[in-house]
Amino acid sequence: MTVEPPGARTCEKDRGDSDARVIARSRDEPEQFAALFDRYAGAVHRYAARRLGPEAAEDLMAETFTTAFQRRHTYDLTRADARPWLFGIATNLVSRHRRAESRRFKALARVPEPVEHEDPVADRAVARAGATGVRRDLAAALAGLSARHRDVVLLVAWADLDYEEAARALGVPVGTVRSRLHRARSKLREALGGSDPTAFREADAHA
């Protein structure tokens, strides 16, 4: 699977009704919820695949939307963008597979890296990693993070959420997200020889 570059989200005005309007209509017309699936199933699948592997991604993606559909009556309709809500559900489901995720990253850390003809750039490793192509050094570094720190850094790096969106996804204050991300980045920099693997958003924004 390919990774969409940061900032490649479809603008609300270009995609029609906001997510909140789709969800509101789906409360009386359940079939309307399919529009939300069409918009975000691919992104949720990629996020799940990077965290748990391609084998588990399909089931986790399906469970995410099943859960979202069941909870659509509780969605805060003042939130036009449902991505944080969906990635929050997906992240909560990932939490049921912590051991599998940790084993996956540890296994990837042992896989020999292919020879590349360009300089490895650690601060783009997270964004450019495919479903099974997480860099060996990055996989080892991610395996060394606590679950809550890993959740924050991957919601920002792989789900492309900003701090406020990550806070909504996790149900914690923005300050907690900033604190956890700061600690996670510090640990990743140390493990990756000084590079920050979550800085690609800022780097790409000025590329």
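Tutor: A residue is called buried when its relative accessible area is under 20%, exposed when it is over 50%, and partly exposed in between, using a 1.4 Å probe and protein chains only. The model is predicted, so local features need pLDDT of at least 70 and side-chain atom pairs count only at pLDDT 80 or more, while totals for chains, interfaces and linings use all residues. Residues are numbered from 1 along each chain as its sequence is written, and side-chain values use heavy atoms, with hydrogens and water left out.

Tyr47 is buried, with a relative accessible area of 0%. Its ring and that of Phe87 form an aromatic pair, with 5.3 Å from centre to centre and 85° between the planes, which is edge-to-face. (Rings of Phe, Tyr and Trp, the last by its six-membered ring, pair if their centres lie within 6.5 Å; planes under 30 degrees apart count as stacked, over 60 as edge-to-face and the rest as tilted.) Tyr47 lies in helix α3 and Phe87 in helix α5, residues 83-94, so the pair ties together parts that are 40 residues apart in sequence. Helices here are DSSP runs of H or I with at least four residues, strands are runs of E with at least two, and both are numbered from the N terminus. Phe87 counts as buried as well, at 3% relative accessibility.

The structure holds four aromatic pairs. In another of them, the ring centres of Phe37 and Phe65 are 5.0 Å apart and the planes stand at 70°, so this pair is also edge-to-face. Phe37 belongs to helix α3 (residues 34-52) and Phe65 to helix α4 (residues 54-70), and 28 residues separate them. Phe65 is buried at 5%, whereas Phe37 is partly exposed at 34%.

Helix α5 also holds Pro84, which counts as buried at 1% relative accessibility. Leaving aside neighbours within four places in sequence, Pro84 is in contact with Leu161, Glu165, Arg168 and Ala169; contact means heavy atoms within 4.5 Å. Pro84 and Glu165 are 81 residues apart in sequence, yet their C-alpha atoms are 5.4 Å apart in space.

Tyr163, Glu164, Ala166 and Ala167 of α10 meet Val174, Val177, Arg178, Leu181 and Arg185 of α11.

Most residues other than glycine have a negative phi. The phi of Asp160 is positive, near 60°, and Asp160 counts as buried at 14% relative accessibility.

As for the whole chain, it has twelve helices and zero strands. Buried residues make up 44% of its 207 residues. Among contacts between residues at least 6 apart in sequence, 71% join residues at least 24 apart.
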